[in-house]
Amino acid sequence: MSGLGLISTYVSDSEDDEVDKDSIENKTNEVCKRLPLPGSIAAWKGVPHHEEVNDDPLEHDGRIRRFKHERGNWATLVYLHYEPSEDLLSWMQSVLKELPIKYNLFSEEFHISITRSLILKFHWIDSFVEEIKKLCEQISQFSLELLNVRAYCNEDRTRTFLGIECIDDKGILGQFVKNLNHSLAEYKLPPFYEDSSYHISFLWCLSDETAILNDLTPSLTNKLNQYLVEYAEDRYIHVKKVHLKIGNKLYAFQLK
């Protein structure tokens, strides 16, 4: 088309106001009918996005969420899965009768945390998963020994936990957590607690009740040891996998 032809197709803002809107709409519809939607676009699928969530503690036995729901942020935890025997589960339930305050049996999956509760950005997820997988490929399977009963409180002092502390005599878990902390630093995420105590939480209550529970843990530890003498097979946890939870996604990585 010549330069004059291009100029003649130009319509000023004032002239636009005089154009028949119905005519423009009809022409637009005709163009849409003639041009098929590209396959690459037709194949796109929408994904659910995070709606604004109102966390009501009354719906969670009074528990308060530590992290507010925010689009693009994913609650993340690296941990060791633990499945107690029926006998040990019964022992845990028996402890409830000895506590002077209201406690609840852990309704979530029993586990041993090896990171803090983290917030992962959406665009970090793929590389983070690969990083954890590589770390697991470098660590041998190991065993943990159940040691004693201890009271723990979260960072916000809003919940107290009663847990069974575990130790790793060979130091394999400690080395793995050290390597894991280096990886977390690359994402500017906080390392695991410096005075870390690996443990299985099995009872919890609201607020900070550690002062009361610390007076009870020696006797509870004695009873745990008595139980482990009778049920020696429950004394050790054989760790073969490391688990990773990102939002509602679960991953399990085999150790070598």
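Arg157 has a relative accessibility of 45% and therefore counts as partly exposed (buried is under 20% relative accessible area, exposed over 50%, partly exposed in between, with a 1.4 Å probe and protein chains only). The model is predicted, so local features need pLDDT of at least 70 and side-chain atom pairs count only at pLDDT 80 or more, whereas totals for chains, interfaces and linings use all residues. Residues are numbered from 1 along each chain as its sequence is written, and side-chain values use heavy atoms, with hydrogens and water left out.

Five salt bridges are present in the structure (a side-chain nitrogen of Lys or Arg within 4 Å of a carboxyl oxygen of Asp or Glu). In one of them, Arg157 meets Asp208 at 2.8 Å, N to O. Arg157 lies in the loop between E5 and strand E6 (159-167), and Asp208 in the loop between E7 and helix H8 (210-214), 51 residues apart; helices (H or I, at least four residues) and strands (E, at least two) are DSSP runs numbered from the N terminus. Asp208 is partly exposed, at 32%. A salt bridge also joins Glu145 and Arg235, with the closest N and O atoms 3.6 Å apart. Glu145 belongs to strand E5 (residues 142-153) and Arg235 to the loop between H9 and strand E8 (236-239), so this pair ties together parts 90 residues apart in sequence. Glu145 is buried, with a relative accessible area of 16%, and Arg235 counts as buried at 19%.

Eleven aromatic pairs were found (ring centres of Phe, Tyr and Trp, the last by its six-membered ring, within 6.5 Å; planes under 30 degrees apart are stacked, over 60 edge-to-face and the rest tilted). Trp91 and Phe202 form a tilted pair, at 6.0 Å centre to centre and 50° between the planes. Trp91 is in helix H5 (residues 86-95) and Phe202 in strand E7 (residues 199-206), so the pair connects parts 111 residues apart in sequence. Both residues are buried. Trp91, Phe202, Tyr227 and Tyr231 make up one aromatic cluster.

In helix H6 (residues 125-137), 13 residues at 1.5 Å each should span 18 Å, which agrees with the 19 Å between the end C-alpha atoms; the expected span is 1.5 Å times one less than the number of residues. Ile125, Phe128, Val129, Ile132, Leu135 and Cys136 are the buried residues of H6. These residues cover an arc of only 125° around the axis, which places them on the same side of H6; the arc is that of the directions from the helix axis to the C-beta atoms.
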